Amino acid sequence: MEVIPSRRNNNRRFRRICVFCGSRAGNRPLFDEAALELGKQLVERKIDLVYGGGSIGLMGTISKTVFQGGCHVLGIIPRPLLPIEIVGETHGEVKIVADMHQRKSEMEKHADAFIALPGGYGTMEELLEMITWSQLGIHEKPVGLMNVGGYFNSLLTLFDKGVEEGFIAKAARDIVIIADSAEELLRKMEDYAPAHDTVAPKHERTNSS
């Protein structure tokens, strides 16, 4: 009898996922536990990690977990942040870039999808930029948000307010894929297909490139 491989083993939609997360651990253990959980899920699926390059906080937890699990880790960090976000041992490859703009560009180039864990202004700015690039049609990659302990509830309420007030298209609101756990989030991201109209029609983007 023919054995059909499971979807997880047979369909590797993502080879590299970029994770945005804090260079701090936060005030509750569940944040670090979530970074550890996501790292283990990436290892289980044999998915490499792209991240912000820091060795501390949630960045340190997920990079160490994925690296020790045998997957490739690429950290991309602006030179001015080296003394702030790298303390002690780093895990995997570290690519030093000039500034935050180049960091985000390199992250997008090397990743097949994006996930945001809890973090500060930098994490939210990176997340919002990838959502915006999806809305513009610059990429069609899934953008996931791991809402650990309801950390992003207020941000999601703001998104809903944007739809209510007519600033965000209802279909564009679905760009953001949300789940409380790593396993659920990755499963949803594997099934994601863009359904929103992009700001720039695809043929115009192709002709102008």
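Predicted model: local features only at pLDDT ≥ 70, side-chain atom pairs only at ≥ 80, totals over all residues.

**Strand pairing and salt bridges**

Val 19 has Tyr 51 of S2 as its opposite residue.

**Parallel strands and crossovers**

- Strands S1 (residues 16-20) and S2 (residues 48-51) run parallel and are joined by four bridges.
- A right-handed β-α-β unit is made by S1, helix H2 (residues 29-44) and S2.
- S2 is also joined to strand S3 (residues 73-78) by three bridges, again in parallel, and Leu 49 stands opposite Val 73 in S3.
- Helix H3 (residues 57-68), together with S2 and S3, makes a right-handed β-α-β unit.

- Glu 106 and Lys 95 form a salt bridge in which the closest N and O atoms are 2.8 Å apart. This pair links distant parts of the chain, with Glu 106 in helix H5 (residues 100-110) and Lys 95 in strand S4 (residues 93-97), 11 residues apart.
- Glu 106 is buried at 9% relative accessible area, whereas Lys 95 is partly exposed at 29%.
- Lys 95, Glu 106 and Lys 109 belong to a network of salt bridges.
- Glu 125 and Lys 104 form a salt bridge with an N to O distance of 2.3 Å. Because Glu 125 lies in helix H6 (residues 121-136) and Lys 104 in helix H5, the pair ties together parts 21 residues apart in sequence.
- Lys 104 is buried, with 3% relative accessibility, while Glu 125 is partly exposed at 32%.
- Glu 108 forms a salt bridge with Lys 141, their closest N and O atoms being 3.1 Å apart. Glu 108 lies in helix H5 and Lys 141 in the loop between H6 and strand S6 (143-146), 33 residues apart.
- Glu 108 is buried at 14% relative accessible area, and Lys 141 is buried at 19%.

Terms used: Residues numbered from 1 in each chain as written. Heavy atoms only, no water. Pairing = 2+ DSSP bridges. Helix = DSSP H or I, 4+ residues; strand = E, 2+ residues; numbered from the N terminus. Right-handed = clockwise from strand over helix to strand, strands pointing away. Salt bridge = Lys/Arg side-chain N within 4 Å of Asp/Glu carboxyl O. Buried < 20%, exposed > 50% of the residue type's maximum accessible area, 1.4 Å probe, protein only.
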